[in-house]
Amino acid sequence: MTKPPRIPRSRPLLRDDSEPIQSKPIRKRDKAQPALPLDLMPRRVEPALAVLKQKPPSGDHWSWEIKWDGYRLAIHAEPAGIRILTRGGYDWTNRFPGVEEAARALGPASMIIDGEGVVLDEQGRSNFNALQKALGADGRRSGNLTAANAIFMAFDLLYLDGHDLREEPYGTRRHLLEETLRDFEGAIRLSQEIDADPAVLLDHACKLGLEGIVGKNRYSRYRSGKTGDWIKIKCVQSESFLIVGYEPSSEAWGGFRALLLGAYKGRDLVYVGSVGTGFKEREAIRLRAMMDKLPWRRKAPPVVYEGTRRATWVQPTLIAEIDLRQWTPDMKLRHASYKGLRERQDNGDVYRLSDE
């Protein structure tokens with residue numbers, strides 16, 4: 001007996017009848033089935049910091065690049081928009097409009113890029129004073145001032161499209177950052193890795209008037225704070241200190257002979273010496289006016305002070321960037337020169353002495 005033809009189990013997608021074509025209902029995900037390994041994007045990442053060294057270490061596991069002189073920033077490109085955070089966690093998105101626009105142009109990818117906000121001079125060197133003036137940190141009201149010509153020098157990638165990269169080695173993160181910024185033109189630029197002997201690189205950097213060089217362990221994961229995975233060697237040491245007072249003078253510009261400075265040691269603020277050079281007349285006058293407008297001044301110093309010079313003590317809120325050549329054995333500044341003011345909003349850069 002001949003078998004009847006077998007009816008196919010699946011029906012053709014297109015049929016001649018007039019019934020509407022409907023897709024199969026979407027089933028709910030089986031909770032026993034593993035989900036895609038996506039990581040939540042952190043709201044903020046405490047930055048990795050470079051430890052100051054006097055000379056470059058040996059070994060081929062170090063990656064070297066130029067040290068940029070500006071403000072440490074992190075770009076958060078999120079579905080809700082762009083955030084540009086300072087080292088201290090303040091949102092400065094509106095103060096770097098060019099960088100924000102460039103971050104939007106990078107595309108729909110969600111990411112966190114670590115880098116430095118700088119203003120470049122005609123030779124392509126980062127100019128800290130120019131950045132200060134753009135942001136109003138030189139004494140002008142800074143509420144609506146922006147660094148429209150600022151560039152973001154990117155040097156690490158912490159998060160990309162649902163993946164937290166902080167546990168990946170630096171070499172992997174660097175490769176992904178290079179791929180992300182490949183052929184991109186805008187206010188976000190890659191801080192170039194330089195394949196050269198670090199001693200020779202440092203010598204060239206100093207001759208060109210650059211800040212110094214930075215080395216990063218290629219095999220290290222991203223760890224916040226000073227861990228030794230990142231190191232810096234400076235041509236001239238430049239650090240930030242709180243202004244705790246000044247030595248009055250009727251003859252000097254601005255009416256003061258020197259600024260008295262403090263740094264943190266543990267939770268305490270300690271006196272680290274004074275600076276009396278590097279002031280231009282206009283800035284000295286502005287600086288004195290700012291100190292006179294602080295909420296209060298008092299006779300008792302905010303630090304332990306054993307000096308004999310007459311001093312006017314001020315609330316320690318203004319942050320001075322200071323170039324220095326050396327430290328004395330009792331941890332006081334030697335051959336110091338005033339460089340400028342840092343933003344009072346972001347005190348994450350204030351120098352910390354070792355607790356030892």
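Strand E9 (residues 212–217) runs antiparallel to E2, and 5 bridges join the two. One of the residue pairs here is Trp-62 with its bridge partner Asn-217 in E9. Strands are DSSP runs of E of at least two residues, helices are runs of H or I of at least four residues, both numbered from the N terminus, and two strands pair if DSSP finds at least two bridges between them.

Before going further, a word on the ground rules: residues are numbered from 1 along each chain as its sequence is written. The model is predicted, so local features need pLDDT of at least 70 and side-chain atom pairs count only at pLDDT 80 or more, while totals for chains, interfaces and linings use all residues, and side-chain values use heavy atoms, with hydrogens and water left out.

**The protein as a whole**

The protein has 5 helices and 19 strands. Of its 356 residues, 46% count as buried, where buried means under 20% relative accessible area, exposed means over 50%, and partly exposed lies in between (1.4 Å probe, protein chains only). Among contacts with a separation of 6 or more, 68% come from residues 24 or more positions apart; a contact means heavy atoms within 4.5 Å.

**The sheet around E9**

E2 and E9 belong to an open sheet of 4 strands with mixed pairing, in the order E1-E10-E9-E2. Strand E1 (48–52) and strand E2 (62–66) are the edges, and each has a single partner strand, so one side of each lacks a neighbour in the sheet. From one strand to the next, the twist averages 35°.

Helix H3 (residues 170–180) lies across E2, E9 and strand E10 (225–234), at about 45° to E2. Helix H4 (residues 198–207) also lies across E2, E9 and E10, and runs at about 150° to E9. For these angles, axes are lines fitted to C-alpha atoms, for helices over the stretch in contact, and the values run from 0 to 180 degrees between N-to-C directions.

**Strand E6 and Asp-156**

Strand E6 (residues 151–160) holds Asp-156, and 10 of the 10 residues of E6 are buried. Its pairings are gathered here.

| Partner of E6 | Sense | Bridges |
|---|---|---|
| E5 (residues 111–118) | antiparallel | 8 bridges |
| E8 (residues 188–190) | parallel | 3 bridges |
| E7 (residues 163–164) | antiparallel | 2 bridges |

Individual residues show how these strands line up. Val-118 stands opposite Ile-151 in E6, Met-153 stands opposite Arg-189 in E8, and Leu-160 has His-163 in E7 as its bridge partner. E6 and E7 form a hairpin with 2 residues between them, and Asp-161 in the turn has a positive phi of about 45°.

What does the side chain of Asp-156 join through a polar contact of 2.9 Å? The partner is the side chain of Arg-173. A polar contact is a pair of N or O atoms within 3.5 Å; within protein, one must be able to donate a hydrogen and the other to accept it, and residues adjacent in sequence count only if both atoms are side-chain atoms. Asp-156 is buried, with a relative accessible area of 0%. Leaving aside neighbours within four places in sequence, the contacts of Asp-156 include Asp-114, Tyr-170, Leu-177, Tyr-222 and Trp-230.

**Rings and charges**

Rings of Phe, Tyr and Trp (its six-membered ring) pair if their centres lie within 6.5 Å; planes under 30 degrees apart count as stacked, over 60 as edge-to-face and the rest as tilted. By this rule there are 14 aromatic pairs. Trp-62 and Trp-64 form a tilted pair, because their ring centres are 6.3 Å apart and their planes are at 40°. Both Trp-62 and Trp-64 are buried. The pair of Trp-92 and Phe-96 is stacked, because the planes are at 25°, with centres 6.5 Å apart. Trp-92 and Phe-96 are also buried.

A charge sits over a ring if NZ of Lys or CZ of Arg is within 6 Å of the ring centre and within 35 degrees of the ring normal. Arg-342 lies over the face of Tyr-71, at 4.9 Å from the ring centre. Lys-216 lies over the face of Trp-230, at 4.2 Å from the ring centre.

Val-236 sits in the loop between E10 and strand E11 (237–248). With a relative accessible area of 25%, Val-236 is partly exposed. Val-236 and Leu-210 are 26 residues apart in sequence and 9.3 Å apart in space, C-alpha to C-alpha. Beyond neighbours within four places in sequence, Val-236 is in contact with Glu-211, Asp-323, Leu-324 and Arg-325.
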